[in-house]
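Trainee: Could we go through this model together? I would like to learn what stands behind each label.

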Amino acid sequence: MFELSFALHNASAAPPRPIYRCIHPASSPSTLLTMSASEAALLYAASTHNLPLLRRLLKTTSAQTQDPTTLSTPLHAAVSSLSPTSPPSTLSTASETIKLLLSNGAIWNDLNAAGETPGCIAWKNGASECYELLVDAGVRAEMLLGRMAGWGVLDSDDEEEEGEGEEKEPKDADVNTDRYLSAPLTYDAEKLVDEDANGVMMAWETGIMQRSVEELLPPAAKGMRVLNVGFGMGIVDAAFQARLDGGKHVIVEAHPDVLAKMEKDGWMQKPGVAVLQGRWQEALAPLLETGEVFDAIYFDTFAEEYSSLKTFFSEFVIALLAEGGRFSFFHGLGADRRVSWDVYTRVVELDLLDAGLDTTWIDVEIDVGDEEWKGVRRRYWDVGGCIDCRFVGLLGRWGNSAFERSPNRKRVFFPAFSKRLVALDGWIRKTSTTLFIHDFQSLKVGYPLEWSHKAEHPEHNLNHHN
């Protein structure tokens, strides 16, 4: 129950004092929660899209204010009342409200008590324009954090301090590469899980992987060369085998239990198949040295962070992919929440562009019911899609850096490119959204970049477990 006692037009006239009272229903005995008049007024102004009042309140009140019971922020409040039938005038003022809050430090992915971000609510309410604003805010924040981490500006202590005083999502049991590779796995007909029942791969992914292979290889891929990193249940490799006519099929796999299953199922003896045992970082090094290239590359590992995928396509793919070849990976980054998945879709597209890869997205409709998640610790997928990247070499120009192709080893070199900040001189645009990045060096982008950002960074585990 709530008691709210103040006059809105005087909300910012007096010094803030705790007069917003909430008796938390879960508390026993009841706990009195308080917030200041200006904080309560800020949430109300955001919910009603009262821009003049909001501008006044933001001079003295944080845009990261949260309702003490629902944990809703002004961004949550701004989108909660919207629907697909909201009049254009309401949607317009809601969009301006979101821009104003973001420019004053509101956090794009703050969670309320129901575990929803403002973007989750905007998506659910069909407020597409507001949703896109929140996705773009997430992209800017993630790109900036990624660049700062790359420069060593942020260390682990900084990232822990970020969002200080805020409740963070409870983390699952730590899943990292060392632990995963040393722990036993369990196979059945529908899934492959680790010792904590985390889904490593599941049979429902078959449609996505088959569609990916259809984009990577023609129907009768005579004499073509294929590289897959991460065997798992063998879904994508079986699809490759069904389309290959001769040629070469290289598989990289590190887990002992998966390798034993591959041996049992005869993969080690298949004509044209070569299995490289060990982590891809070490297993692929000899191929880089010999200059071997592939017509199709697929990547689907488990218990690795986004930085590993980025290293793979920015340092390995550009060296291992034949001219005109294609690269794809299982895009499960943030896939347990639509807004996070959309943010990382655009982040990875910009990073792929940075590596010289042009990106085409292909939606794959899938229907995953509750029954299919039985025996799995956490539902890691709530969206459908795959990624197909066509290798195009260098796009645009990287400052004054030139590029050259080695005549002997079909590789593209990007001198001094890996530590450069500006992806392309001038503007980077995306036709379906607003401006992403402009002049990163001076940190200007439509409205100010958010330095405050809740820790849901794209350092997510790959292979859909984020």
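Mentor: The chain has 15 helices and 19 strands; helices (H or I, at least four residues) and strands (E, at least two) are DSSP runs, numbered from the N terminus. The model is predicted, so local features need pLDDT of at least 70 and side-chain atom pairs count only at pLDDT 80 or more, while totals for chains, interfaces and linings use all residues. Residues are numbered from 1 along each chain as its sequence is written, and side-chain values use heavy atoms, with hydrogens and water left out.

Trainee: What pLDDT does the chain average?

Mentor: The average is 76, and 70% of the residues score at least 70; pLDDT is the predictor's confidence in each residue, from 0 to 100. Over residues 1-32 the pLDDT stays under 50, and it is also below 50 over residues 390-466. Where pLDDT is low, the predicted coordinates should not be read in detail.

Trainee: Why is Ala355 called buried?

Mentor: Buried means under 20% relative accessible area, exposed over 50%, partly exposed in between (1.4 Å probe, protein chains only). Ala355 has 1% relative accessibility, so it counts as buried. This residue sits in the loop between helix H15 (338-354) and strand E14 (357-362). Its C-alpha atom is 9.7 Å from that of Thr311, 44 residues apart along the chain.

Trainee: And what makes Thr301 buried?

Mentor: Its relative accessible area is 8%, so Thr301 is buried. Thr301 lies in the loop between strand E12 (294-299) and helix H14 (306-320).

Trainee: How do you know that the side chains of Thr301 and Glu304 make a polar contact?

Mentor: A polar contact is a pair of N or O atoms within 3.5 Å; within protein, one must be able to donate a hydrogen and the other to accept it, and residues adjacent in sequence count only if both atoms are side-chain atoms. The contact between these two side chains is at 2.8 Å.

Trainee: Which residues does Val236 touch?

Mentor: Contact means heavy atoms within 4.5 Å. Not counting residues up to four places away in sequence, Val236 touches Met209, Val213, Asn228 and Tyr298. Val236 belongs to helix H10 (residues 235-243), and at a relative accessible area of 3% it is buried. Thr206 is 30 residues away from Val236 in sequence, with 7.6 Å from C-alpha to C-alpha.

Trainee: What makes a group of residues a nonpolar core?

Mentor: Such a core is a set of buried Ala, Val, Leu, Ile, Met, Phe, Trp, Tyr and Cys residues joined through side-chain atoms within 4.5 Å. The largest one here has 69 residues, of which Leu284, Phe312, Phe313 and Phe327 touch the most other members. A second, separate core of 29 residues includes Val213, Ala296, Tyr380 and Val383.

Trainee: How do you know that strands E5 and E6 pair?

Mentor: Two strands pair if DSSP finds at least two bridges between them. Strand E5 (residues 191-193) and E6 have three bridges, in the antiparallel sense, so they meet that condition. Lys191 stands opposite Met202 in E6.

Trainee: What is the strand order in that open sheet? And why are E4 and E6 its edges?

Mentor: The three strands run in the order E4-E5-E6, with antiparallel pairing. Strand E4 (186-187) and strand E6 (199-202) each have a single partner strand, so one side of each is left without a neighbour in the sheet.
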